[in-house]
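Q: I'm just starting out with protein structures. Could you take a close look at the charged side chains here, and then tie that in with the rest?

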Amino acid sequence: MDFPVLETERLSLVQITQKNVDEIFSIFSNEEVIKYYGIDPFTEKDQAVKMIDSFQTRFENQLGMRWGIVEKESKKLIGTIGLNNLVLHARKTEIGYDLLPEYWRKGFMSEAIKEISSYCFNKLGIYRIGANIFPDNTASSTLVEKLGFQKEGLLRGYLVQGNQSHDLNVFSLIKPDWQK
């Protein structure tokens, strides 16, 4: 399967390759971006190289997909969005995303999530998209709820970041709700 390139009004969602190492390093070394991501900030470019390799491996094995979010106007890669824990035969996945702070609160992520949701439901045959979000990340929780995701509950001690276990809220969007 070829990697799907998706378009919205203001964004191109493209495959991330090794030519994006500097941009991926910039995103994942930014403490504001990864505050609620579940990883520690990158300190070396080799971490970005390995992350990009993992994106490719997960795509090749049909376990996930990660798009670079490119703002059409500036042609700059401003974040990423992807499907984690993709299980095609079970028709489910989880969405994850990140965006450089200077692009926050401008509707870019809403635009990207809508496009990815449409791709999941219409092209991949997905029935359920989950989103696991830190309880303190009210901006992300508000965003997914605005897009129709429903809060399902709390995963206690689900993720380790900064040598500490963290709880995550679970949200989901199922195809019948999205079709409304």
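A: Let's start with the charges: the protein has 22 positive and 24 negative side chains, and the centres of the two sets lie 6 Å apart. Lys and Arg count as positive here, Asp and Glu as negative, while His and the chain ends are left out of the count. Each charge is placed at one atom: NZ of Lys, CZ of Arg, CG of Asp or CD of Glu.

Keep in mind that this is a predicted model, where local features need pLDDT of at least 70 and side-chain atom pairs count only at pLDDT 80 or more, though totals for chains, interfaces and linings use all residues. Residues are numbered from 1 along each chain as its sequence is written, and side-chain values use heavy atoms, with hydrogens and water left out.

Now for one of the charged residues, arginine 105. You'll find arginine 105 in the loop between strand S5 (92–99) and H4; helices (H or I, at least four residues) and strands (E, at least two) are DSSP runs, numbered from the N terminus. Arginine 105 counts as exposed because its relative accessible area is 71%; the cut-offs are under 20% for buried, over 50% for exposed, and partly exposed in between, using a 1.4 Å probe and protein chains only. Its backbone is worth a look too: phi of arginine 105 is near 60°, a positive value in a residue other than glycine. Most residues other than glycine have a negative phi. Asparagine 85, in strand S4 (residues 76–87), also has a positive phi, of about 50°, although it is not a glycine.

With 39% relative accessibility, aspartate 46 is partly exposed. Aspartate 46 and phenylalanine 25 are 21 residues apart in sequence, with their C-alpha atoms 8.7 Å apart in space.

Leaving aside residues up to four places away in sequence, threonine 8 touches Lys72, Glu111 and Glu115, where a contact means heavy atoms within 4.5 Å. Threonine 8 is buried because its relative accessible area is 11%. Another threonine, threonine 142 in helix H5 (residues 138–146), is exposed at 51%.

So what does the rest look like? There are 6 helices and 8 strands in the protein, and buried residues make up 46% of the 180 residues. The largest nonpolar core has 51 residues, and Trp67, Ile81 and Phe149 have the most contacts inside it. Helix H4 (residues 108–124) gives the most to this core, with 9 residues. Such a core is a set of buried Ala, Val, Leu, Ile, Met, Phe, Trp, Tyr and Cys residues joined through side-chain atoms within 4.5 Å. In soluble globular proteins, nonpolar side chains tend to be buried together.

Finally, the chain as a whole. For 180 residues, a compact globule would have a radius of gyration near 16 Å, and the protein's 15 Å agrees with that; the radius is taken over C-alpha atoms, and the globule rule is 2.2 Å times the number of residues to the power 0.38. Of the contacts with a separation of 6 or more, 61% come from residues 24 or more positions apart.
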